[in-house]
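Me: I am new to this structure and would like to go through it slowly, one question at a time. Please show it first.

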Amino acid sequence: MEISVRRRSLGHDLISELRKDRATLTVDGISHNLADLVSDRKYTIHLENPSFGLRARISVPEQWQRNVGSPEDGEQAFIFTSEFGPNGGRRLSYGASLHAGFDYYVVARPSILRALQSCFDIAIPIGEINSSHGNLLVVRIVTLWNSLNRTQADFWLADHGFRLTSLTVSQAFLCPLGPTTIDG
């Protein structure tokens, strides 16, 4: 697993402010130049020995957390999108909505596979991530638009801090006030 930093705030020259402050991001005791991380989305840090407890391993100076965020621990699972292609996806933040009909990837302990297969229309293991804490399984999950498992999928997601949205892409474009989220 790798981490990268995306800037949150626009409207001021964040990179020059980070350079002036000599701000660093610390991962497992090793400092990394925060300005370099923010300026280059391709600059990633390989996270050796992945675990769900990221806050203890990754430190962002408090004065820069508003601009670049802070790590969120995982509650037994991480969920990723596939939107960045073959180099991996973006981890979804706690409270994010997942859409029916889209591919997502769950990183969790292998013992969770049966629960995923009973809750989602598609739950296919696609790989493993080695860790001294026990290997983690990567599972592709999909809830179909007309799924009979929709309630089970929504409950599983809610137990892990996420939700399944009822909004379809066509509904977003029909709303005269712009895209909205309709909870189902």
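Me: Which residue of strand 3 does Thr26 stand opposite, and which residue of strand 5?
Reply: This is a predicted model, in which local features need pLDDT of at least 70 and side-chain atom pairs count only at pLDDT 80 or more, while totals for chains, interfaces and linings use all residues. Residues are numbered from 1 along each chain as its sequence is written, and side-chain values use heavy atoms, with hydrogens and water left out. Strands are DSSP runs of E with at least two residues, numbered from the N terminus, and two of them pair if DSSP finds at least two bridges between them. In strand 5, Thr26 stands opposite Ser59, and in strand 3 Thr26 stands opposite Ser31.

Me: What is the phi of Asp28, and where is Asp28 placed?
Reply: Most residues other than glycine have a negative phi. Asp28 is placed in the loop between strand 2 and strand 3, a hairpin with two residues between the strands. At 39% relative accessibility, Asp28 counts as partly exposed (partly exposed lies between buried, under 20% relative accessible area, and exposed, over 50%, with a 1.4 Å probe and protein chains only). The phi of Asp28 is positive, near 50 degrees.

Me: Which residue does the side chain of Ser131 join in a polar contact?
Reply: Ser131 is placed in the loop between strand 9 and strand 10 and is buried because its relative accessible area is 12%. Leaving out residues up to four places away in sequence, Ser131 touches Asn49 and Pro50, where contact means heavy atoms within 4.5 Å. A polar contact is a pair of N or O atoms within 3.5 Å; within protein, one must be able to donate a hydrogen and the other to accept it, and residues adjacent in sequence count only if both atoms are side-chain atoms. At 3.1 Å, the side chain that makes this contact with the side chain of Ser131 is that of Asn49.

Me: What is the phi of Asn49?
Reply: Asn49 is placed in the loop between strand 4 and strand 5, and with a relative accessible area of 29% it is partly exposed. Although Asn49 is not a glycine, its phi is positive, at about 55 degrees.

Me: Is Ser51 buried or exposed, and which residue's side chain does it join in a polar contact?
Reply: Ser51 is placed in the loop between strand 4 (45–46) and strand 5 (58–59), and its relative accessible area of 16% makes it buried. Not counting residues up to four places away in sequence, Ser51 touches Arg57, Phe78 and His133. The polar contact of the Ser51 side chain, at 3.3 Å, is with the side chain of Arg57.

Me: Why is the pair of Phe78 and Phe80 edge-to-face?
Reply: Rings of Phe, Tyr and Trp (its six-membered ring) pair if their centres lie within 6.5 Å, and planes under 30 degrees apart count as stacked, over 60 as edge-to-face and the rest as tilted. The structure holds three aromatic pairs, and ring pairs link Phe52, Phe78 and Phe80 into a cluster. Phe78 is buried at 1% relative accessible area, and Phe80 is buried at 17%. The ring centres of Phe78 and Phe80 are 6.5 Å apart, and the pair is edge-to-face because the planes stand at 80 degrees.

Me: How far apart are the C-alpha atoms of Ile124 and Arg140?
Reply: Ile124 is placed in strand 9 (residues 122–129), and at 40% relative accessibility it counts as partly exposed. Leaving aside neighbours within four places in sequence, Ile124 is in contact with Val138, Val139 and Arg140. Ile124 and Arg140 are 16 residues apart along the chain, and their C-alpha atoms are separated by 5.2 Å.

Notes:
Helices (H or I, at least four residues) and strands (E, at least two) are DSSP runs, numbered from the N terminus.
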